[in-house]
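I opened this notebook to keep track of what I looked up, one entry at a time. The sequence and the structure come first, and my entries follow.

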Amino acid sequence: MSRFLSISLICISLFIVLSSVSFATDLEGVYFSDLKNGWIVGDNGKIFHTADGGTSWSNQTTASGEDLLDVCFVDDKNGWIAAENGVVVHTADGGTSWAVQATGTKEHLNSIYFLDAKNGWITGDHGLILRSTDGGVSWVPQQSGETERLQRIHFIDEKQGWVVGSNSIILHTSDGGATWKRQKSPTEKHLCSVYFVNEKNGWAAGDFGCILYTANGGETWAEQDSDVSRGLNCIYFVDLNNGWVAGAGGKVLHTTNGGTTWKEEDSEVMMLSLHSLHFVDDKNGWVVGQNSTVIHTTDGGATWGDQDI
């Protein structure tokens, strides 16, 4: 009887663990418009919003049940989300309501970036780049010249932008995307994220701990030593010196000297992949990832704490 009871308890415990994992949502994107207002998006159409810096989170609803892959806001009202199967949703009221925007494609949309309420770009699978000049009411394809998956896109103004993707792809435009040109990469690794603080200084991150840096707008790129071997999925800088990367295995790295040196921080997340990060200044930032993981720092990453959604 005792053996039967023990086996039963083990089975019940395993069921509880598996149930908790199955209901957890993989989170793919995070964006804060200020210290209080932020949004997180994830699988199965999940959108979460906070108005108090993440102390509490509430669900927002959209007509799409697709996996949501990236989110961008230009203020506390106007935001866009990119998703699988060509889906884009837009809000003009901070997420109280979301409306689907037609993109003309069924490709997975991996990244979305808006400079303001009008000008935005999307990247997707099979070399896809889309451009909007009317807030997403209409989207126009741009010729990337690529067939690989394009991951992240970042613009510093209406003209200058960069895209990274599979097989070490780095693309640059100086005319808003009317033309895109390949930049020479010093690595053959897949690149997952890119961020520029001005027209000259930018960083990219990718597989096997890869971090790249340019000081001349991408005319030349050089590798920086991350001292990690896991994939790095996202990178963000608030100025020339202060930046963060995050990725597989709960890795979070921080630099205070533009990447000359990177220091691993204790994210208190083990064995989980981190997918997206966003900072509003050099102290306050959020990272999201697998199994509904949300971590937050108020001291530039010296310490991290969980937030529940």
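I looked up Q151 and found it buried, with a relative accessible area of 18%, where buried means under 20% relative accessible area, taken with a 1.4 Å probe on protein chains only. I note that this is a predicted model, in which local features need pLDDT of at least 70 and side-chain atom pairs count only at pLDDT 80 or more, while totals for chains, interfaces and linings use all residues. Residues are numbered from 1 along each chain as its sequence is written, and side-chain values use heavy atoms, with hydrogens and water left out.

Q151 belongs to strand 13, strands being DSSP runs of E, at least two residues long, numbered from the N terminus. Setting aside residues up to four places away in sequence, I found Q151 touching N110, S111, T123, V164, G165, L191 and C192; contact means heavy atoms within 4.5 Å.

Next I turned to the pockets. A pocket is an open set of points on a 1 Å grid over the protein atoms alone, where a 1.4 Å probe fits, with protein on both sides within 12 Å along at least five of seven lines, and lining residues have an atom within 4 Å of a point. Q151 is among the residues that line the second largest pocket, including also E28, R149 and H275, and this pocket holds about 330 Å³ of space. The largest pocket holds about 420 Å³, and of its 26 lining residues I noted Y31, Y113, Y195, Y236 and H278 as those nearest its centre.

Then I looked at aromatic pairs, which are rings of Phe, Tyr and Trp (its six-membered ring) with centres within 6.5 Å, stacked if the planes are under 30 degrees apart, edge-to-face if over 60 and tilted otherwise. My search of the whole structure gave 16 such pairs. One of them joins F73 and W98 edge-to-face, at 6.1 Å centre to centre and 85° between the planes. This pair links distant parts of the chain, 25 residues apart, with F73 in strand 5 and W98 in the loop between strand 7 and strand 8. F73 is buried at 1% relative accessibility, and W98 is buried too, at 9%.

The rings of W244 and F279 have centres 3.6 Å apart and planes at 10°, so I recorded this pair as stacked. Because W244 lies in strand 22 and F279 in strand 25, the pair ties together parts 35 residues apart in sequence.

How values were computed:
Points joined across faces, edges and corners; volume = space filled by probe spheres on them. Helix = DSSP H or I, 4+ residues; strand = E, 2+ residues; numbered from the N terminus. Buried < 20%, exposed > 50% of the residue type's maximum accessible area, 1.4 Å probe, protein only.
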